[in-house]
Amino acid sequence: MKQEIDELYQTVLERQKNPVKGSYTDYLFDKGLDKILKKVGEESTEVIVAAKNPDKSEIVYETADLLYHLMVLLVEQGVTFDQIKEELGKREGLMSKTQERREIKKL
């Protein structure tokens, strides 16, 4: 069985609107942004470590965790998955030049 990314986003959004007490998603929303960000950071690190290992099942597992936590973050922040897809669409076909990314002015 495969999980579609759009479906995952919708499931997380639905869980935010209609919490299922005792679920992990509800726990994350209940704990708030700091907990969600901590999990995104942890999972990002785990993807990096898994990528260094020869067993590709580890990177698959950790990437799934990261994508889930990113979806929770997007929902928490009110960012739609369509907005992300639109941004990616703007970049399609553009050549990347070796240069610094624009500065993030507001943290």
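Visitor: What is the handedness of the crossing of H2 and H4, and how is such a crossing read?

Guide: A crossing is called left-handed if the near helix is turned anticlockwise from the far one by less than a right angle, and right-handed if clockwise. In this predicted model, the crossing of H2 and H4 is right-handed. The axes of these two helices come within 11 Å and cross at roughly 45°, where axes are lines fitted to C-alpha atoms, for helices over the stretch in contact, and angles run from 0 to 180 degrees between N-to-C directions.

Visitor: Which word describes how H2 and H4 lie to each other?

Guide: Angles under 35 degrees count as roughly parallel, over 145 as roughly antiparallel, 65 to 115 as roughly perpendicular and the rest as oblique. H2 and H4 are therefore oblique to each other. Helix H1 (residues 5-17) also packs with H4, at an angle of about 50° and with the axes 9 Å apart, so H1 and H4 are oblique to each other as well, and H1 passes H4 in a right-handed crossing.

Visitor: At what angle do H3 and H4 pack, and how far apart are their axes?

Guide: Helix H3 (residues 33-51) packs with H4 at an angle of about 160°, and their axes are 8 Å apart. That angle makes H3 roughly antiparallel to H4. H3 passes H4 in a left-handed crossing.

Visitor: How many helices and strands does the chain have?

Guide: Helices (H or I, at least four residues) and strands (E, at least two) are DSSP runs, numbered from the N terminus. The chain has 5 helices and 0 strands, so that its elements, read from the N terminus on, run α-α-α-α-α. On the conventions behind the numbers, residues are numbered from 1 along each chain as its sequence is written, and side-chain values use heavy atoms, with hydrogens and water left out. Since this is a predicted model, local features need pLDDT of at least 70 and side-chain atom pairs count only at pLDDT 80 or more, whereas totals for chains, interfaces and linings use all residues.

Visitor: What percentage of the residues of the chain count as buried?

Guide: Buried means under 20% relative accessible area, exposed over 50%, and partly exposed in between (1.4 Å probe, protein chains only). Of the 107 residues of the chain, 24% count as buried. Asp 30, found in helix H2 (residues 24-31), counts as exposed at 64% relative accessibility; the C-alpha atoms of Asp 30 and Gln 16, which are 14 residues apart along the chain, are separated by 9.4 Å.

Visitor: How many salt bridges does the structure hold?

Guide: A salt bridge is a side-chain nitrogen of Lys or Arg within 4 Å of a carboxyl oxygen of Asp or Glu. The structure holds 7 salt bridges. One of them joins Asp 26 to Lys 21, with the closest N and O atoms 3.8 Å apart; here Asp 26 is buried, with a relative accessible area of 12%, whereas Lys 21 is exposed, with a relative accessible area of 69%.

Visitor: Where in the structure are Asp 82 and Lys 85, and what separates them?

Guide: Both residues are in helix H5 (residues 81-91), and because they are 3 residues apart there, Asp 82 and Lys 85 are separated by about one helical turn. They form a salt bridge whose closest N and O atoms are 3.6 Å apart. Asp 82 is partly exposed, at 46%, and Lys 85 is partly exposed at 35% relative accessibility. Asp 6, Asp 82 and Lys 85 are linked in a network of salt bridges. Also in helix H5, Glu 87 and Arg 91 are 4 residues apart and so are separated by about one helical turn, and in their salt bridge the closest N and O atoms are 3.2 Å apart.

Visitor: Which residues form a nonpolar patch on the surface?

Guide: Patches are made of residues with over 30% relative accessible area and no salt bridge, with like charges joined within 9 Å and nonpolar side chains (Val, Leu, Ile, Met, Phe, Trp, Tyr) within 5 Å. Ile 5, Leu 67 and Leu 70 form such a nonpolar patch, with about 190 Å² of accessible area together, as computed by the Shrake-Rupley method with a 1.4 Å probe, where for residues only the protein chains shown count as cover. Leu 70 is found in helix H4 (residues 56-77) and is partly exposed, with a relative accessible area of 33%.
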